[in-house]
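Here is a structure to explore through a few questions and their answers. Please look at the sequence and the model before reading on.

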Amino acid sequence: MINQEKIKQAVSLLIEGIGEDKNRPGLLETPERIARMYNEICGGYEEDVEQILSKTFPVDNGQMVLEKDITFYSMCEHHLLPFYGKAHIAYIPDGKVVGLSKLARTVEVFAKRLQIQEQMTDQIAQAIMDYLSPKGAMVVVEAEHMCMTMRGIKKPGSKTVSMAVKGAFAEDEALRRQFFELLSLEKKLD
Ligand code: ZN
């Protein structure tokens, strides 16, 4: 899906548009380098979340599973600048769980696309509902947006927090409270 040739042309035009000399040594290989880089940072379009979440293990325990502090890097679709931070995912299994690394992979698939944070948060929660069929899922994402910190209103260190709740988490406030209690456990133990 990634068309490296088009990215090369676009970056070349961008360099010209800025008023730079695209043939000076420092910039000569930049279009090619960026085209290769986009294979990685926008590689999430080619990945299949259903497949990632398809290998499950049976469990009797129906208690909440929380995987927290999953680091991610994504690209804001309004400015093509990075936003990055941490995702926290919880779900309540209904007879099956998935390997914990698969939750991190799921975050990565949606992060490596042009995104807005709120949409990414919802997509992660919805994928877990769709492919793992738990009783509920909850995702909280906290991120710093370069379009907020290096341009515009310039508020370095400010974080955007987004949340998606599905199933039992949407219905039961006590579950949401438990999620936040588990999330802050580490800080209390310090
Ligand atoms: Zn932005």
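Q: How many Å separate the centres of domain 1 and domain 2, taken over C-alpha atoms?
A: This is a predicted model, and its protein chain is divided into domain 1, covering 4-41, and domain 2, covering 50-189. Taken over C-alpha atoms, the separation between the centres of domain 1 and domain 2 is 33 Å.

Q: Which are the edge strands of the open sheet?
A: The open sheet is formed by 5 strands with mixed pairing, in the order E5-E2-E3-E6-E7. An edge strand pairs on one side only, and this holds for strand E5 (114-115) and strand E7 (160-167). The edge strands are therefore E5 and E7.

Q: What is the bridge partner of Ile70 in E3?
A: Strand E2, residues 65-76, pairs with strand E3, residues 82-92, in the antiparallel sense over 9 bridges. Within E3, the residue that partners Ile70 is Ala87.

Q: Which helix packs on the sheet, touching E2, E3, E5, E6 and E7?
A: Helix H5 (residues 100-111) lies across E2, E3 and E5, and runs at about 20 degrees to E2. The helix that touches E2, E3, E5, strand E6 (136-145) and E7, with its direction at about 25 degrees to that of E7, is H6 (residues 117-132).

Key
Residues numbered from 1 in each chain as written. Predicted model: local features only at pLDDT ≥ 70, side-chain atom pairs only at ≥ 80, totals over all residues. Heavy atoms only, no water. Pairing = 2+ DSSP bridges. Helix = DSSP H or I, 4+ residues; strand = E, 2+ residues; numbered from the N terminus. Contact = heavy atoms within 4.5 Å. Axes fitted to C-alpha atoms, helices over the stretch in contact; angles between N-to-C directions. Domains from an automatic or database assignment.
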